[in-house]
Amino acid sequence: MRSHRKHKSISLNLRTDEGKALAFALARQADVVVESFRPGVLRHLGLDYDSLWAVHPAVIYCSVTGYGQSGELFQLGQHDLNVQAVSGFLSTIRDAAGIPVITEAPITDYALGLYASEQICAALVQRLRTGRGAYLDVASADLFSSWMGLHAIFSTYSDKMWKRSSRQGRLAYQVFETSDGHYVALAALEEKFWLNFCRAVGRGDWEQYHLGTISQLPEMNEEMKALFLSRTQAEWSELGSEVDCCLTAVEELERWGDSPYVTSREIAYTLPFVEQTEGALERKKPALVDGERKAPPWLADHTHDLLKRKLNLTDTKLRRLVKLGVIPPATSKTGRLSVE
């Protein structure tokens, strides 16, 4: 639901000459073309940047991949976990035993979409100024590797600097369990936040240990665990909202839509499924476009309509393409494929 709200969906069989011709004709009219095939696939199909640039030099063509269009790994398959591993990002997230932890959310995939949109916007600005299009090789491993540069410098050239800058093992930077089996996050890195926290919980004797670590002060760490186990998550969350100490609830996904932050910022609302009466949780932000909220399309939902509007194809030509297997049958208003 998150990824395709307000989009229109078109389906073309690129294994057919007609399908490739239709895709090329649509791309010739586009300001931006985004593709995520393995490197070389679209060149084989005649839909690569060079082929399109020859007839449409103002196009912004963005290739989105895990490992980019060149290098040692560019032809290999990958998933979010591989990108985290290759970039070094995964090595920074470890459990108590030092084993890298797999994140539930595919963060490299999400970040890549934002990074690609940023690059596309910059290319569009350049085109406004120069009239030139651009080819963008956007790789998630590149992005996450660039994020790790400073950490790599610290860890490689100055072990002392790395330990001083690292947040791992800090008493003031932990996740704690609460009395009702939930969790809260304390991130009082700066001294002012730590002092606010200590005073709010009546532990003035902790104030001097702002930079203390778990290994240095194991008994204090146990005292902190016991303290957090004395109240519920809601009670700690209330304290965090009243006292400026960087203390927040760890929101569980099943309750995420009802959390104070999400509701106060109107990040989520419901949209009905086409074939169901129940609502589906939907992200609202970024801001609405033209004041409308529209559900994501079904696969191929707008194929016939777009080909009519963009390429002036007639119903007769569309029926022929359906019979040839180039496009699917038209969809009904319920989102189901209609039989012709």
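Asp205 is partly exposed in this predicted model, at 42% relative accessibility. Its salt-bridge partner is Arg203, with the closest N and O atoms 2.8 Å apart. Arg203 is partly exposed too, with a relative accessible area of 23%. Buried would require a value under 20%.

That bridge belongs to a wider set. The count comes to ten salt bridges. Another joins Asp315 to Lys308, at 2.7 Å from N to O. Asp315 is partly exposed at 39% relative accessibility. Lys308 is partly exposed at 36%. Elsewhere, salt bridges link Arg43, Asp48 and Asp50 into a network.

Arg127 pairs with Asp31, and their closest N and O atoms are 3.0 Å apart. Arg127 lies in helix 5, while Asp31 lies in the loop between helix 1 (17-28) and strand 1 (32-35). The two residues are 96 residues apart. Asp31 has a relative accessible area of 49%, so it is partly exposed.

Next come the aromatic rings. A search of the whole structure gives nine aromatic pairs. One of them is Phe89 with Phe144: the ring centres are 5.1 Å apart and the planes meet at 85°, so the pair is edge-to-face. The cut-off for that label is an angle over 60 degrees. This pair also links distant parts of the chain. Phe89 sits in the loop between helix 4 (80-87) and helix 5 (107-130), and Phe144 sits in helix 6 (residues 140-147), 55 residues apart. Phe89 counts as buried at 17% relative accessibility. Phe144 is buried at 1%.

What is the geometry of the rings of Phe197 and Phe228? Their centres are 5.8 Å apart and their planes are at 5°, so this pair is stacked. Stacking needs planes under 30 degrees apart. Phe197 belongs to helix 9 (residues 191-200) and Phe228 to helix 10 (residues 218-228). They are 31 residues apart, and the pair links distant parts of the chain. Phe197 is buried, with a relative accessible area of 0%. Phe228 is buried as well, at 0%.

Phe197 and Phe228 are part of one aromatic cluster, which also includes Phe176, Trp194 and Trp236. The charged end of Arg231 sits over the ring of Trp236, 4.5 Å from the ring centre.

Note on methods
Residues numbered from 1 in each chain as written. Predicted model: local features only at pLDDT ≥ 70, side-chain atom pairs only at ≥ 80, totals over all residues. Heavy atoms only, no water. Phe/Tyr/Trp six-rings, centres within 6.5 Å; stacked < 30°, edge-to-face > 60°. Helix = DSSP H or I, 4+ residues; strand = E, 2+ residues; numbered from the N terminus. Buried < 20%, exposed > 50% of the residue type's maximum accessible area, 1.4 Å probe, protein only. Lys NZ or Arg CZ within 6 Å of the ring centre and 35° of its normal. Salt bridge = Lys/Arg side-chain N within 4 Å of Asp/Glu carboxyl O.
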